[in-house]
Amino acid sequence: MTTAPERTADLYPTRGTVEAITPRQDPVVWSEPGAPGPLGAGELTDFDRDGFLAVEQLLTDEEVAVYRAELDRLVADPAVRSDERAIIEPKSQEIRSVFEVHKLSETFAGLVRDPRVVDVARQILGSDVYVHQSRINVKPGFGASGFYWHSDFETWHAEDGLPRMRAVSVSIALTRNHDTNGGLMIMPGSHRTFLGCAGETPKDNYKQSLRMQEAGTPSNEALTRLAGDHGIRLFTGRAGSATWFDCNCMHGSGDNITPYPRSNVFVVFNSVDNAAVEPFAAPVPRPGFIGARDFTPVR
Ligand code: 6CS
Ligand code: FE
């Protein structure tokens, strides 16, 4: 007799009829204290408390120039522009993001494997890791739209099927992040509560959500409460700086109406022990270039 595949328990219900805030049921730092890795004990403590860690200079100016040139090459390539992995800005019709850059570009594949990057992810997640998602965000000036408040994990749980909060993102600035050109904002400590959102996931939601996310965004009341509890931190920094942040931080970024692009490369590492299963709140998984179904560890 065949038995139905074991359905993974849903610890973080979302996209039902009502919005609800519940406590996080997972560690933030999964490795044992003193586990080897690039981060010191104090940095891990800060990450555990705040849900993020700002790195003043991850890449040298020379390295930034290499990755900037690669970003410019990808953005200028007509084959990339017509690829489904390129997301176009609704207003300007410029490229907003390109997904799966670690597969499209050997240069970005090298960045993912760089010990200054992957070893930090392994140390925080306490295991081998694979890339759940990678993207370059171009965020050109003159009106590039931002990303409304959200928890990445809420989407990756609902639509990609990540069971637990055992993923970490790194956003590496390839242009200067001023306090004016649409920088990343995070609510410090917000990663410790899960905001289950109200409202079902529409079919093929990613076709809209990667331009302007609706499903999985908090109500004004919830945002007011979270901002009141945690405050809002804006991340600025030179090109080559980086921000590590937990998958469940409440974060967003504003529009960029300045002439200065805010381009970054964004890599999401997931623990190989937290591989995607069936989506918890969507009819079918998103395409693999957005939520990987290849769990091969980064080597
Ligand atoms: O839906 C996603 O997976 C993407 N959307 C945003 C706004 N942040 C996380 C991720 O890149
Ligand atoms: Fe996000």
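Mentor: Let's start with terms: on a 1 Å grid over the protein atoms alone, a cavity is a set of points where a 1.4 Å probe fits but cannot get out, while a pocket is an open set with protein on both sides within 12 Å along at least five of seven lines; lining residues have an atom within 4 Å of a point. A volume is the space filled by probe spheres set on the points, which are joined across faces, edges and corners. The model is predicted: local features need pLDDT of at least 70 and side-chain atom pairs 80 or more, whereas totals for chains, interfaces and linings use all residues. Residues are numbered from 1 along each chain as written, chains are lettered from A and ligands numbered from 1 in written order, and side-chain values use heavy atoms, without hydrogens and water.

Trainee: How much space lies in the second largest pocket, and which residues are the closest to its centre?

Mentor: The second largest pocket holds about 210 Å³ of space. It has 17 lining residues, and Thr236, Gly237, Ser241, Ala242 and Thr243 sit closest to its centre. Strands E2 (52-55), E7 (167-173), E10 and E11 (242-246) each give two or more residues to this lining. Those labels are DSSP runs numbered from the N terminus: helices (H or I) have at least four residues, strands (E) at least two.

Trainee: And what lines the largest pocket?

Mentor: There you will find 19 lining residues, with His102, Lys103, Val131, Thr296 and Val298 nearest the centre. The space in the largest pocket is about 240 Å³. Helix H4 (101-104), helix H5 (106-113) and strand E5 (129-137) each supply at least two lining residues. E5 gives the most, with five.

Trainee: How do I read a sheet, and in what order do the four strands of the open one lie?

Mentor: Strands of a sheet pair through backbone hydrogen bonds, in a parallel or an antiparallel way. Here two strands pair if DSSP finds at least two bridges between them. Trace the open sheet as E6-E12-E8-E10, with antiparallel pairing. At its edges are E6 (147-151) and E10 (233-234), each pairing on one side only. E6 and E12 (residues 250-253) run antiparallel and are joined by three bridges. To see where they face each other, look for Ser151 opposite Met250 in E12.

Trainee: Which protein donors does the iron ion (ligand 2) have?

Mentor: Donors are N, O and S atoms within 2.8 Å of the metal (3.2 Å for Na, K and Ca); water is not among the atoms, so sites may look incomplete. For this iron ion, the protein donors are His150 (NE2), Asp152 (OD) and His251 (NE2), at 2.1 to 2.3 Å. Their spacing in the sequence is H-x1-D-x98-H.

Trainee: Are His150 and Asp152 buried or exposed?

Mentor: Both are buried (under 20% relative accessible area; exposed is over 50% and partly exposed in between, with a 1.4 Å probe and protein chains only).

Trainee: How many cavities of 30 Å³ or more does a search of the whole structure find?

Mentor: Two. The largest cavity contains about 410 Å³ of space. Of its 30 lining residues, Arg135, Phe147, His150, Asp152 and His251 lie nearest the centre. E5, E6, helix H7 (152-158), E12 and strand E13 (264-271) each give this lining two or more residues.

Trainee: What about the second largest cavity, what volume does it have?

Mentor: About 50 Å³. Among the residues lining the second largest cavity are Ile21, Phe194, Leu226 and Asn248, as well as Ser151 and Met250, the pair that you found opposite each other in the sheet. Strand E9 (residues 193-196) gives the most to this lining, with three residues.
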